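My notes follow in the order in which I looked.

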Amino acid sequence: METGVLIRKIHMDCPLCGKAHEVEERKRFATILLKGDEVNYEERFYFCVNADEEENEFETGTMTNENLLNARNAYRIKHGLLTSDEIVSIRESYGLSQVDLARLLGWGEATISRYESKTIQDEAYDTMLRLIKDNPLQALEFLKKNAAKFSGANRVEVRKNIIEKLDSYGKEYLTRQAFEGEYVNYEEPSDSNGFTTLDIDKIEAVISYIAENVSNLFKVKLMKMLWYVDAFSYKLNGCAMTGMVYRHNDMGALPIGHYSLMNLENLNVREEESYNYDSMLHIYPTRGMDYSILNDDEKNIIDKVIKKFKNYKAKEIIDYMHEEKAYIETRPGDIIPFSLAKKIREF
Ligand SMILES: [Zn+2]
């Protein structure tokens, strides 16, 4: 057996040599057969320097359990299943006990407890846990279905916890769902999305970043600027930045799902009356927005677009876009392919 790497020395009564001395705690990579599959994982053990080579290592019960947990988690990761920690964090995000979560999903009461500590969950159980992971509405559906498993007071309590989760981030989740839903046909990288799949975190950062630098940023102008950001990114790097898909519209390029886009909970968009009493969407920076998702290269591209259009009025940027090949060579309603977007004029 490989002797492993020393982690620390612990003074204890050694069960191997019968003396009290410094026993070495060590770790090494080991292999185990789980569900017919060979899995590599890290195991810990104690090592006695006094004992003979035949039997110079031992494990405590706690250690054995932890080693097995590591092995099972290695199996889970290898097979794309939730790890025991992930199952704990899903449960805790709902503030539910192990028994309540098991009841909610219609399972035996000990099931969650077993998944968190030992047993590897079956694929179908894994899928159900993933269903409720970021979706309190789904959890409410399960509660309806399995209501009989709870006592009255308990059910009210569980429902309250789910609603709390729904309130705290459900709104953001739902607005994202609505926007994402418009992109179901564009989940693969293609000429339509500039070989980038939809990245909502990035879109929110790009929009807020533009709003930080452009006062009086209204929707029409923002839409064109986003297209130029993606088009330049594609021209320079061979892939767009946001993953949005744009259509040829009278007013230039318009991303698919632009209504849902403006509803994203993390954007700071306000409806304001303009001088001619039309209501217009004014985009402000989002307080506390995390821009670390944008790398320097991406910021340079956005800066370039900001510098060019900062002082353009909506009408001016529309007229400017009308001269692009991407606009001239597509018809109203067409998706603007990035192979055409790439031909934008330099500025
Ligand atoms: Zn010993």
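I began with the crossing of α9 and α12, which is left-handed (the near helix is turned anticlockwise from the far one by less than a right angle; clockwise would be right-handed). Helix α12 covers residues 314–322, and its axis lies 9 Å from that of α9 at an angle of about 35 degrees; axes here are lines fitted to C-alpha atoms, for helices over the stretch in contact, with angles running from 0 to 180 degrees between N-to-C directions. Helices (H or I, at least four residues) and strands (E, at least two) are DSSP runs, numbered from the N terminus.

For the contact (heavy atoms within 4.5 Å), I noted Val-220, Lys-221, Lys-224, Met-225, Trp-227 and Tyr-228 of α9 against Ala-314, Ile-317, Ile-318, Tyr-320 and Met-321 of α12. These residues divide into 9 nonpolar, no polar and 2 charged, where Ala, Val, Leu, Ile, Met, Phe, Trp, Tyr, Cys and Pro count as nonpolar, Asp, Glu, Lys and Arg as charged, and the others, Gly among them, as polar.

The model is predicted, so local features need pLDDT of at least 70 and side-chain atom pairs count only at pLDDT 80 or more, whereas totals for chains, interfaces and linings use all residues. Residues are numbered from 1 along each chain as its sequence is written, and side-chain values use heavy atoms, with hydrogens and water left out.

I then turned to α9 and helix α11 (residues 296–309), whose axes come within 9 Å and cross at roughly 135 degrees. That makes α9 oblique to α11, since under 35 degrees counts as roughly parallel, over 145 as roughly antiparallel, 65 to 115 as roughly perpendicular and the rest as oblique. I found this crossing to be right-handed, and its contact residues divide into 10 nonpolar, 2 polar and 3 charged.

Last, I looked up the zinc ion, which is coordinated by Cys-14 (SG), Cys-17 (SG), His-21 (NE2) and Cys-48 (SG) at 2.2 to 2.3 Å; donors are N, O and S atoms within 2.8 Å of the metal (3.2 Å for Na, K and Ca), and water is not among the atoms, so sites may look incomplete. The angles among the 4 donor atoms are 96 to 116 degrees, and the site is tetrahedral (four donors with all angles between 85 and 135 degrees). The donor residues are spaced C-x2-C-x3-H-x26-C in sequence. Cys-14 lies in the loop between β1 (5–13) and β2 (20–34) and Cys-48 in the loop between β3 (37–47) and β4 (57–58), so this pair ties together parts 34 residues apart in sequence.

Notes. Tetrahedral: all angles 85-135°; square planar, octahedral: opposite > 155°, others 65-115°.
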